[in-house]
Amino acid sequence: MTTGELAQECDAKAVVIIDEALRATRHRAFERKRLSPSDPAYIIYTSGTTGVPKGVLVSHRSAVNTLLYRREEYGIDSSWSCLQLFSPSFDGFVTGFFTPLMAGARVVFPCKATIKDIPRLRRIIKSEEICHFIAVPLLFRSLLEDMNPVDAASLRVVTLAGDRITGELVKKAHQLLPVLEIAVEYGVTEAAVLSTCRRGVRDDEEPGIGAPIKNSVVLALDQQRQLLPPGISGELYIGGIGVANGYLNRPELTAERFVTLPWADDDGLQKTFYRSGDRARFTTGGTLEFLGRIDRQLKIRGFRIEPEEVEEHLKTHPR
């Protein structure tokens, strides 16, 4: 993707010329369109129990709230170099790419083959002086096994997300680089990727998933949708600005998963909550612990997989 004047210098097989594409879409009706914060910013599809993926409608307001929180929380600025490890089809791409972009930071994109090649990825972290990246715990563990302190010297903070994190993994990271900060983020596609965050995770504790981010609410509820006391596990409900607009053309499913809790004190936030299907509990200290799923859904390397979707596809296979 380039401009017309630079197109001749590109040797790629497929080139998109930006200025021509812009001229093709420059229509008066298009230019007059005014977007509101509640309008959808993007649609990301997630696994579906019937074999048909669900399109999640995430608004501009929801996405911007997440990005502004991360930029301010981590203090990212133009001096940072961030490594992008997620596919654009995965919701983690939204936070991993656009947060540093909003801060004027540099974003490094390794190719798909490099992400799967740990030694090459290690060399990029060193040569590009990477300060920060988000990764699933499994990938981070593999990097730690191949790294030395010199390779990781530029790292300031590594964010782990998409799966459960153990104290043993954090300890291994701090043995390699004692000054490295480990952060934990939790979120779902239906709530603009990020709902809770925990900074400065120590290696002598089992890391929970932290506290709600700005303008977000998380609740552990029983089957009657009533609050549970600390120490008792229930389904995790997510509320606040980050909650999506629902599923594209799926009104029944939207009504089932996006619910109103009239008793909830939302401090001015919208009262629609997303039923995450995740099981969690609050500790007496106020930390939220992720305990897995209340249904059959699986998480594999950060991706949510419905076993029923796999079953539906298998049924179409000729015997």
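**Close-up views of a predicted model**

**View 1. Helix 3 and helix 4 cross one another.** In this predicted model, the axes of helix 3 (residues 60-74) and helix 4 (residues 92-102) come within 9 Å and cross at roughly 65°, and the crossing in which helix 3 passes helix 4 is right-handed. On the side of helix 3, the contact is made by Thr 66, Leu 67, Leu 68, Arg 70 and Arg 71, while helix 4 contributes Val 94, Thr 95, Phe 98, Thr 99 and Met 102. Sorted by class, the residues of this contact between helix 3 and helix 4 are 5 nonpolar, 3 polar and 2 charged.

View 2. Strand 5 (residues 132-135) pairs with strand 6 (residues 157-160) in the parallel sense, over 4 bridges, and Phe 133 stands opposite Val 158 in strand 6.

**View 3. The whole protein chain, as a setting for the close-ups.** The protein chain holds 10 helices and 16 strands, and 48% of its 319 residues count as buried. Among the contacts between residues at least 6 apart in sequence, 60% join residues at least 24 apart. The accessible surface of the chain comes to about 17000 Å², of which 54% belongs to carbon and sulfur atoms.

How values were computed:
Residues are numbered from 1 along each chain as its sequence is written. This is a predicted model: local features need pLDDT of at least 70, side-chain atom pairs count only at pLDDT 80 or more; totals for chains, interfaces and linings use all residues. Side-chain values use heavy atoms; hydrogens and water are left out. Helices (H or I, at least four residues) and strands (E, at least two) are DSSP runs, numbered from the N terminus. Buried means under 20% relative accessible area, exposed over 50%, partly exposed in between (1.4 Å probe, protein chains only). Contact means heavy atoms within 4.5 Å. Accessible areas come from the Shrake-Rupley method with a 1.4 Å probe; for residues, only the protein chains shown count as cover. Axes are lines fitted to C-alpha atoms, for helices over the stretch in contact, and angles run from 0 to 180 degrees between N-to-C directions. A crossing is left-handed if the near helix is turned anticlockwise from the far one by less than a right angle, and right-handed if clockwise. Ala, Val, Leu, Ile, Met, Phe, Trp, Tyr, Cys and Pro count as nonpolar, Asp, Glu, Lys and Arg as charged, and the others, Gly among them, as polar. Two strands pair if DSSP finds at least two bridges between them.
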